[in-house]
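Please examine the sequence and the three-dimensional structure shown below.

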Amino acid sequence: MIKFTVTTREELSDAEKRELEAKFRAEYRDEVEVDYHTDAVLVGNMVIFDGKKEKSVVKLTVTTSLPLTDEQKRKVEATFAPKYSEELFTEYFVDDTLLGGIIVFDGKTVYDGSVKSKLDKIRETIGNGKA
């Protein structure tokens with residue numbers, strides 16, 4: 001059995017914990033036990049210690065209007081991976097109010113490519129008489 005210590009700025013949801021533990025089991029091919037801690041002053045999104053080495057991980061939250069295929073998820077992760085020196089832990093959500101597009105949040109920055117956001121900007125421009 002491998003023991004992990006995971007420290008995050010904010011507490012992880014039960015779903016996030018299950019996903020993370022499944023990733024550990026797949027990567028290490030062994031039973032895992034995980035202790036979770038929070039630290040509000042943590043510099044990165046997440047720090048993982050496996051008893052031998054510590055690594056910093058960036059947690060990306062990706063929201064789309066429809067579920068992404070595995071190939072689309074790989075493309076999203078490949079697009080954002082060069083922005084960070086840390087490993088990525090990506091969670092995906094569906095929000096049909098977006099109408100289309102994608103929103104990615106890394107804990108600090110929101111990358112908003114949603115149709116809803118673009119329409120809201122157009123409405124704001126027209127409402128301010130700039131069109």
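**A guided reading of the model**

The largest pocket of this structure, which is a predicted model, has a volume of about 270 Å³. Its lining brings together residues from separated parts of the sequence numbering: Thr8, Arg9, Glu10, Glu11, Leu12, Glu16, Asn45, Lys59, Thr61, Phe105, Asp106 and Gly107. By kind, these lining residues comprise 6 charged, 4 polar and 2 nonpolar residues.

The structure contains 1 cavity of 30 Å³ or more, and the space within the largest cavity amounts to about 30 Å³. Around the largest cavity stand Tyr28, Ile48, Phe49, Asp50, Lys53 and Lys55. This lining is divided into 3 nonpolar and 3 charged residues, with no polar residue.

The discussion now turns to the chain as a whole. The chain has 7 strands and 3 helices, and along the sequence these elements follow the pattern β-α-β-β-β-α-β-β-β-α. For 131 residues the globule rule gives a radius of gyration of 14 Å, whereas the chain has 18 Å, well over that value; the chain is therefore more spread out than a compact globule. The C-alpha trace spans about 60 × 35 × 25 Å along its principal axes.

Of the contacts between residues at least 6 apart in sequence, 69% join residues at least 24 apart. Of the 131 residues in the chain, 32% are buried.

Where are nonpolar side chains found? In soluble globular proteins, nonpolar side chains tend to be buried together. In this model the largest nonpolar core has 12 residues in all, namely Ile2, Phe4, Val6, Leu12, Leu20, Phe24, Val32, Val34, Met46, Ile48, Val57 and Phe89. At least two residues of this core come from each of β1 (2-8), α1 (14-28), β2 (32-38) and β3 (46-49). The element that gives the most is β1, with 3 residues.

Apart from neighbours within four places in sequence, Ile2 is in contact with Tyr28, Asp30, Glu31, Val32, Glu33 and Asp50. A second, separate core has 8 residues, among them Leu60, Val62, Val76 and Val104.

Ser114 lies in the loop between β7 (110-112) and α3 (115-127). Is Ser114 buried or exposed? Its relative accessible area is 1%, and a residue counts as buried under 20%, so Ser114 is buried. When residues up to four places away in sequence are not counted, Ser114 touches Leu98, Gly100, Gly101, Ile102 and Ile103. Thr97 is 17 residues from Ser114 in sequence, and the distance between their C-alpha atoms is 9.7 Å.

Although Leu99 is not a glycine, it has a positive phi of about 70°. The relative accessibility of Leu99 is 56%; because a residue over 50% counts as exposed, Leu99 is exposed.

How values were computed. Residues are numbered from 1 along each chain as its sequence is written. This is a predicted model: local features need pLDDT of at least 70, side-chain atom pairs count only at pLDDT 80 or more; totals for chains, interfaces and linings use all residues. Side-chain values use heavy atoms; hydrogens and water are left out. On a 1 Å grid over the protein atoms alone, a cavity is a set of points where a 1.4 Å probe fits but cannot get out, and a pocket is an open set with protein on both sides within 12 Å along at least five of seven lines; lining residues have an atom within 4 Å of a point. Grid points are joined across faces, edges and corners, and a volume is the space filled by probe spheres set on the points. Ala, Val, Leu, Ile, Met, Phe, Trp, Tyr, Cys and Pro count as nonpolar, Asp, Glu, Lys and Arg as charged, and the others, Gly among them, as polar. A nonpolar core is a set of buried Ala, Val, Leu, Ile, Met, Phe, Trp, Tyr and Cys residues joined through side-chain atoms within 4.5 Å. Buried means under 20% relative accessible area, exposed over 50%, partly exposed in between (1.4 Å probe, protein chains only). Helices (H or I, at least four residues) and strands (E, at least two) are DSSP runs, numbered from the N terminus. Contact means heavy atoms within 4.5 Å. The radius of gyration is taken over C-alpha atoms; the globule rule is 2.2 Å times the number of residues to the power 0.38.
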